[in-house]
Amino acid sequence: HGFAVYRLREASGQFEEGMQLDDLCMGVQLGQGASGVVHLAHHRLTKRAYAVKSYSKARLLEPTGKALMRLLRRERDVLRFLKDELRGHPASNLVVRFVCSGQDEHYLRL
């Protein structure tokens, strides 16, 4: 069922619509920044590669966590806006695409 829905979305050019973090299998760490880490992830059905930024929930509870949360929300909102504004535009391939966000027990993920 999941693969058939994915194929329909792919045929219409909307293969990432409705994607959730559970659709991805987290892989190796690609890098680390001041506030989080980036992992390589693969879509469970298609094996398509994605980069996933992860932020520790424990770190977000620290005194500086409130400011970091504001930055994360702003980053997510800007990426969502660009995704909608650049849909179908030639420049869309030049900008990091927002696909999904979510959380698990220990991390917030974009």
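In which strand is H39 found, and what surrounds this residue?

Modeller: This is a predicted model, in which local features need pLDDT of at least 70, side-chain atom pairs count only at pLDDT 80 or more, and totals for chains, interfaces and linings use all residues. Residues are numbered from 1 along each chain as its sequence is written, and side-chain values use heavy atoms, with hydrogens and water left out.

H39 lies in strand 2, which spans residues 37-43; helices (H or I, at least four residues) and strands (E, at least two) are DSSP runs numbered from the N terminus. The chain has three helices and five strands, in the order α-β-β-β-α-α-β-β. H39 counts as buried because its relative accessibility is 17%, buried meaning under 20% relative accessible area with a 1.4 Å probe and protein chains only. Of the 110 residues in the chain, 24% are buried.

Contact means heavy atoms within 4.5 Å. Neighbours within four places in sequence aside, H39 is in contact with M26, G27, V28, Q29 and L30, and also with Y50, A51, V52 and S54. A51 and V52 are likewise touched by L110.

L110 belongs to the largest nonpolar core, together with Y55, L60, L68, M69, L72, L79, F98 and L108. Such a core is a set of buried Ala, Val, Leu, Ile, Met, Phe, Trp, Tyr and Cys residues joined through side-chain atoms within 4.5 Å. Helix 3 (residues 65-85) gives the most to this core, with four residues. A second, separate core of eight residues includes L24, A41, V99 and C100.

Terms used:
Buried < 20%, exposed > 50% of the residue type's maximum accessible area, 1.4 Å probe, protein only.
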